[in-house]
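Take a look at the chain below. This report walks through its helices, its core and its rings.

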Amino acid sequence: MSRTNIETCCRGKYLKENIPVLRVPYSEATYLLWVDCNGMKMDEEEIMLFWENECGIMPSAGSEFGDSGKKFIRLNLACPTKTIESALEKMKKGFDRFF
C-alpha cells in the first residue's frame, strides 16, 4: 500500500474539510482505516445502508470488532491511490446530499 493513502485519509485535510461529520483517529500505520461515524446521528444499520446506497462503498462495520466499534466503519486502504481518490469523491457526493 502506498504511504500516500495513509497521508490522504489520516493526516490529510480532505475528510476534515470536505466531510466534517466524519472523524478519523490518527494511526501511524494501517491498511484498514477506522472512521468514526457518530456525527452522522444514525444507528449502525442506517450507517451501513448510507455508505452502500449513497456512497457506493461497502465498508466493514466496526461492531464486527466488538461493542466499542459501534458507529465506526472500516475502509481498506490497501489499494491503488486512484481507488482511494475515487472512493473519496463518492463519499463527498453522498455526504453532500445529506449533511
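## A ring in the interior

Phe 50 has 5% relative accessibility, so Phe 50 counts as buried. Buried means under 20% relative accessible area, exposed means over 50%, and partly exposed lies in between (1.4 Å probe, protein chains only). Phe 98 has 49% relative accessibility and therefore counts as partly exposed.

This is a predicted model: local features need pLDDT of at least 70, side-chain atom pairs count only at pLDDT 80 or more, and totals for chains, interfaces and linings use all residues. Residues are numbered from 1 along each chain as its sequence is written, and side-chain values use heavy atoms, with hydrogens and water left out.

## The overall plan

The chain has four helices and three strands. Helices (H or I, at least four residues) and strands (E, at least two) are DSSP runs, numbered from the N terminus. In that direction the elements run α-α-β-α-β-β-α.

The chain has 99 residues, and buried residues make up 35% of them. Now take the contacts in the chain between residues at least 6 apart in sequence: 60% of these join residues at least 24 apart. Contact means heavy atoms within 4.5 Å.

## Helix 3

Helix 3 has 12 residues. From its first C-alpha to its last it reaches 16 Å, close to the 16 Å expected at 1.5 Å a residue. The expected span is 1.5 Å times one less than the number of residues.

Which residues of helix 3 are buried? They are Ile 47, Phe 50, Trp 51 and Cys 55. Seen down the axis of helix 3, the buried residues fall within an arc of 95°, so they line one face of the helix. The arc is that of the directions from the helix axis to the C-beta atoms. These buried residues pack against strand 3 and helix 4. On the other side of helix 3, Glu 45 and Asn 53 are exposed.

## Helix 4

Helix 4 covers residues 81-98 and has 18 residues. It reaches 26 Å from its first C-alpha to its last, close to the 26 Å expected at 1.5 Å a residue.

Its buried residues are Ile 84, Leu 88, Met 91, Gly 94 and Phe 95. Down the axis of helix 4 they fall within an arc of 135°, so they line one face of the helix. Lys 82, Lys 93 and Arg 97 are exposed on the other side.

## The nonpolar core

A nonpolar core is a set of buried Ala, Val, Leu, Ile, Met, Phe, Trp, Tyr and Cys residues joined through side-chain atoms within 4.5 Å. The largest one here has 21 residues. Which of them touch the most other members? The answer is Leu 22, Cys 37, Met 40, Trp 51, Leu 75, Met 91 and Phe 95. Strand 1 (32-36), helix 3 (44-55), strand 3 (72-76) and helix 4 each supply at least two residues of this core.

Look at Met 40 in detail. Leaving out residues up to four places away in sequence, Met 40 touches Val 21, Leu 22, Ile 47, Phe 50, Trp 51, Phe 95 and Phe 99.

## Rings and a charge

How many aromatic pairs does a search of the whole structure find? It finds seven. Rings of Phe, Tyr and Trp (its six-membered ring) pair if their centres lie within 6.5 Å; planes under 30 degrees apart count as stacked, over 60 as edge-to-face and the rest as tilted. Phe 50 and Phe 98 form an edge-to-face pair, 5.6 Å centre to centre with 85° between the planes. Phe 50 lies in helix 3 and Phe 98 in helix 4, so the pair ties together parts that are 48 residues apart in sequence. Ring pairs also link Phe 50, Trp 51, Phe 95, Phe 98 and Phe 99 into a cluster.

The charged end of Arg 74 sits over the ring of Phe 65, 4.9 Å from its centre. The test is that NZ of Lys or CZ of Arg is within 6 Å of the ring centre and within 35 degrees of the ring normal.

## Two lysines in loops

Most residues other than glycine have a negative phi. Lys 41 has a positive phi, near 55°. Its place is in the loop between strand 1 and helix 3. At 71% relative accessibility, Lys 41 counts as exposed.

Lys 71 also has a positive phi, near 70°. Lys 71 is found in the loop between strand 2 (60-61) and strand 3. With 29% relative accessibility, Lys 71 counts as partly exposed.
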